[in-house]
Amino acid sequence: MGIMKRTIEMKTDAHLQRDVLDELDWEPSVDAAQIGVTAKDGVVTLAGHVPVYSVKHKAEEVTKRIYGVRAVANEIEVRPSDASVLDDQQIAAAAVHALQWDSEVPDRNIQIAVEDGWIKAEGAVEYHYQKDAVDRVLRHLRGARGIKNEIGVVSPRTISAIKSAIEAAFKRSSLLNSKTLAVEVEDSKVTITGDVHSLSELAEVERTAWSTGGVREVRNCVTITPWGSGPAEEWGY
């Protein structure tokens with residue numbers, strides 16, 4: 001088949017703000033009336049207050065899926081409703097119980113501390129998805145105002161094995177052009193440079209790197225060049 005060409009106009013700050021507000025309003029798990037949105041040069045700031053931490057997190061996720069968003073500053077405050085107010089001991093007990101029931105979390109390696117509604121998780125896991133699973137479980141707890149995930153990732157993988165695994169994953173991805181990405185690994189810390197076209201692609205780069213066993217830190221230095229920001233883009237079909 002032939003080649004389609006299209007040029008996409010860059011969004012104004014007002015256009016981006018409206019798109020984010022519309023997307024928040026469309027998302028059923030978020031009360032958009034509680035959230036304020038400002039946009040400047042692709043950086044979106046979220047403000048306001050919500051009753052549970054999971055809604056704050058969801059608002060950020062929703063914002064990141066909008067074309068034209070380069071970064072998100074999440075300044076939403078968590079203010080538990082009277083029905084959701086729990087003391088630190090209750091939150092800690094609920095956190096331990098929730099982690100025990102999640103199959104992705106090696107709960108015996110995790111320690112929990114709670115202060116003023118903030119949950120701190122410490123310990124060690126082999127994969128970053130396990131660390132992410134702790135976040136996923138804890139952010140839905142009633143009474144939680146925020147999460148400090150200080151869990152470390154430890155694995156016997158060599159540096160060369162980590163680098164090769166990430167590069168192979170980039171090549172398999174249908175969302176990324178592996179030829180535009182470079183991977184360097186030092187002491188289980190991964191640095192990625194290159195270029196992508198959207199925030200969702202940037203997130204995919206980071207997700208792919210974190211999915212590799214033994215990765216303790218990811219420095220995502222990839223830049224975003226939106227479709228249509230230069231000459232007309234060519235898409236093959």
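Tutor: A contact means heavy atoms within 4.5 Å. The model is predicted: local features need pLDDT of at least 70, side-chain atom pairs count only at pLDDT 80 or more, and totals for chains, interfaces and linings use all residues. Residues are numbered from 1 along each chain as its sequence is written, and side-chain values use heavy atoms, leaving out hydrogens and water.

Student: Among contacts between residues at least 6 apart in sequence, what percentage join residues at least 24 apart?

Tutor: Take the contacts between residues at least 6 apart in sequence. The share that joins residues at least 24 apart is 67%.

Student: How many helices and strands does the protein have?

Tutor: Helices (H or I, at least four residues) and strands (E, at least two) are DSSP runs, numbered from the N terminus. The protein comes to six helices and 14 strands.

Student: What is the distance between the end C-alpha atoms of helix α6?

Tutor: Helix α6 covers residues 199-210, which is 12 residues. The expected span is 1.5 Å times one less than the number of residues. That gives 16 Å, and the end C-alpha atoms agree, lying apart by 16 Å.

Student: Which residues of α6 are buried?

Tutor: Buried means under 20% relative accessible area, exposed over 50%, partly exposed in between (1.4 Å probe, protein chains only). In α6 the buried residues are L199, E201, L202, E204, V205, T208, A209 and W210.

Student: How far apart are the C-alpha centres of domain 1 and domain 3?

Tutor: Domain bounds come from an automatic or database domain assignment. Domain 1 is 13-78 and domain 3 is 159-224. Their C-alpha centres lie apart by 26 Å.
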